[in-house]
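Please look through the sequence and the structure shown below before reading on.

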Amino acid sequence: MPNIPLRNGGPCARIAVIPGDGIGMEVTPVAVKAIQAAATKHNRPIEFVHFDWGADKFLRENITLPPGAVRILRDEFDAILFGALGDPRVPSNQHAADILLGLRFQLDLFVNARPTELLHPRYTPLRDITTNDIRLIVFRENTEGLYVGMGGFFKKDTPDEIAVQEDVNSRKGVERIIRHAFDYAQAHKLKRLCMSDKSNAMTYAGDLWQRVFKSVRAEYPDIDSRHLYIDTLAMELVRDPRQFDVIVTNNLFGDIISDLAAQLAGGLGLAPSANIHPGRTSLFEPVHGSAPNIAGKGIANPFGSVLTAGLLMEFLGWNDEAQQLKQSVKSALDDNITTRDLGGSRTTSEVSDYLLNQISKRSSNT
Ligand code: NAD
Ligand code: IPM
Ligand code: MN
């Protein structure tokens, strides 16, 4: 991630914390403690403000994203640490659409960066693959596509019912995410970039993506860029993930392909993500959801959330601290201190204690 200095330029980093629902409430506090531990050791003043937005508040007060929330987050915070939203008591998922998609859209967080790195060879389901073989980043367009909520029903609740869901692709929107992916590749000396779409079937949106890709790639002759259809990309990622450094794609395909990539490196429990508008308040969340099937049992894997906190610290320009968080997760994997999803038997709080101990130890050594 490119380093971006603190937005508010103030003496203290201000982080808004939205744990959300389910395991979001269990893993986010671990990430907060991890940030706090690394920041304290480096004398980085930091302030957390918690917001209780989620299913409970929605069911209790009928409030999703409160009025004024976007302005407060944008003007008064450097970053947002987010858990997950989703609750079986809200089958419409209305609160998640308003809060999570609402923040992505209204803060114009057009970059959804989802890095996948194999931190320990034990955790890939693939044969003959080692840690250096899986190190890639998916850039998912995050403000357009099939997610914009345009569409409607015709003849609803009749046998002739029709549902329409519009796929919105603007030239500006497509260009800024493709350009961001190229700039990232260049800044990080990554040689290979793959743009993926479904232009053989979705001809209008695909045509726009193809034309924009063609014109932007011409400006980056040193980067080996290519195109794959999204179905082929899914297959190639599993066949040989070594081929990929940077992937750029639309909102829906990016959602799906980032889960697939995550599983190649151990699964959703280990996958971080960043929703960014460079230079503005940005939002950091693990790739996983609220996992209602394990929520409340104290067995959620906090690694994804702690690695997400690392991305947040990198965004603040605190690279050493970010490295410490990642190192603490690596040590836990090396020492087999893992939750059930990774084959271990530790609880969230046992893993958390281990991580915090590692971070304090490492921090005091540097
Ligand atoms: P999920 O990511 O919540 O869970 C998928 C599977 O992975 C489950 O078996 C779960 O137990 C497991 N898993 C995920 N994270 C884990 C962790 N940290 N530790 C251990 N196991 C973990 O996806 P889902 O079941 O499809 O969705 C559940 C709810 O979450 C839905 O309401 C969905 O809309 C929502 N969701 C929210 C977000 C978000 O807020 N960013 C992301 C994805 C899904
Ligand atoms: C994600 C999630 C969300 C998405 C859902 C909860 C709307 O799956 O962040 O990956 O599709 O963007
Ligand atoms: Mn998803």
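How far does a backbone N or O atom of Ala 291 lie from an oxygen atom of ligand 1? The distance is 2.8 Å, and, like every value in this report, it comes from a predicted model rather than from an experiment.

## Ligand 1 and its surroundings

The backbone contact of Ala 291 with ligand 1 has a counterpart at Leu 85, where a backbone N or O atom lies 2.9 Å from an oxygen atom of the ligand. His 288 takes part through its side chain instead, with a polar atom placed 3.5 Å from a nitrogen atom of ligand 1. Taken alone, ligand 1 exposes 800 Å², and the protein buries 67% of that area.

Around ligand 1 there are 21 residues, of which Glu 285, Gly 289, Ala 291, Asn 293 and Asn 301 come nearest. When this shell is sorted by residue type, 11 of its members are nonpolar, eight are polar and two are charged.

## Ligand 2 and its arginines

The residues that surround ligand 2 are Arg 104, Arg 114, Arg 140, Tyr 147 and Asp 255. Sorted by type, this shell holds one nonpolar residue, no polar residue and four charged ones.

On its own ligand 2 has 320 Å² of accessible area, and the protein covers 75% of it.

## A cavity inside the protein

How many cavities of 30 Å³ or more does the structure hold? There is one, and the volume of the largest cavity is about 80 Å³. The largest cavity is lined by 13 residues, and those closest to its centre are Asp 197, Lys 198, Ala 205, Asn 250 and Phe 253.

Two elements, strand S8 (192–197) and helix H6 (203–217), each give two or more residues to this lining, and H6 gives the most, with three residues. By type, the lining of the largest cavity divides into four nonpolar, six polar and three charged residues.

How values were computed. Residues numbered from 1 in each chain as written. Chains lettered and ligands numbered in written order. Predicted model: local features only at pLDDT ≥ 70, side-chain atom pairs only at ≥ 80, totals over all residues. Heavy atoms only, no water. Near = heavy atom within 4 Å. Polar contact = N/O pair within 3.5 Å; in protein donor to acceptor, adjacent residues only side chain to side chain. Areas by Shrake-Rupley, 256 points an atom, 1.4 Å probe, with all protein chains shown as cover. Nonpolar A, V, L, I, M, F, W, Y, C, P; charged D, E, K, R; others polar. 1 Å grid on protein atoms, 1.4 Å probe; cavity = no way out; pocket = protein on both sides within 12 Å on 5 of 7 lines; lining within 4 Å. Points joined across faces, edges and corners; volume = space filled by probe spheres on them. Helix = DSSP H or I, 4+ residues; strand = E, 2+ residues; numbered from the N terminus.
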